[in-house]
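The model shown below is predicted.

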Amino acid sequence: AGGVKQFADDIQYWAEQMVNMPSAYDVNKKFLKGIPIEITKHLLMYRHMSPELTSYSLLVEAAMEYESGEMFVRDYISPSASRSRPPRRQTTRTAPR
């Protein structure tokens, strides 16, 4: 219910509570495995990010942007809009000559 930001904050909190702080790679990997697969695929395939080379803050920011876009599509573009047809033009029929 908390979304990407809440999940990222939880990971950061628990990482800081550990006796031995996990590596940046381990934290990034945990984040990418815990968010929805569509977001992970987008970050890896289209944003060319990786747990090895991308900072945690950039991963989180990009995931939040994706999530925000998905919420916009879900909330503001009604499902019926894609199925509705434009209004028909009225044509005036004339008698054949």
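## The buried side of helix α2

Helix α2 spans residues 24–34, and its buried residues are Val27, Asn28, Phe31 and Leu32. These residues lie on the same side of α2 because they cover an arc of only 130° around the axis. The buried residues of α2 are covered by parts of the chain that include α1 (3–17), α3 (37–46) and α4 (56–76).

The face of α2 turned away from this buried side carries Lys30 and Lys33, which are exposed.

## Aromatic ring pairs

A pair of aromatic rings is described by the distance of the centres and the angle of the planes. In this model the count comes to four aromatic pairs. One of them joins Phe7 and Phe31: the ring centres are 6.1 Å apart and the planes stand at 25°, so the pair is stacked, given that planes under 30 degrees apart count as stacked. This pair links distant parts of the chain, with Phe7 in helix α1 and Phe31 in helix α2, 24 residues apart.

Phe31 also pairs with Tyr56. Here the ring centres are 5.6 Å apart and the planes stand at 75°, so the pair of Phe31 and Tyr56 is edge-to-face. Because Phe31 lies in helix α2 and Tyr56 in helix α4, the pair ties together parts that are 25 residues apart in sequence.

## The cluster of three rings

Through ring pairs, Phe7, Phe31 and Tyr56 are linked into a cluster.

## Thr40 in helix α3

Thr40 is placed in helix α3. Is Thr40 buried or exposed? With a relative accessible area of 9%, Thr40 is buried. Leaving aside residues up to four places away in sequence, Thr40 touches Leu32 and Ile35. Leu32 is itself one of the buried residues of α2.

## His48 in the loop

Where does His48 lie? His48 is found in the loop between α3 and α4. Although His48 is not a glycine, its phi is positive, at about 55°. The relative accessibility of His48 is 67%, so this residue counts as exposed.

Terms used
Residues numbered from 1 in each chain as written. Predicted model: local features only at pLDDT ≥ 70, side-chain atom pairs only at ≥ 80, totals over all residues. Heavy atoms only, no water. Buried < 20%, exposed > 50% of the residue type's maximum accessible area, 1.4 Å probe, protein only. Helix = DSSP H or I, 4+ residues; strand = E, 2+ residues; numbered from the N terminus. Arc of directions from axis to C-beta. Contact = heavy atoms within 4.5 Å. Phe/Tyr/Trp six-rings, centres within 6.5 Å; stacked < 30°, edge-to-face > 60°.
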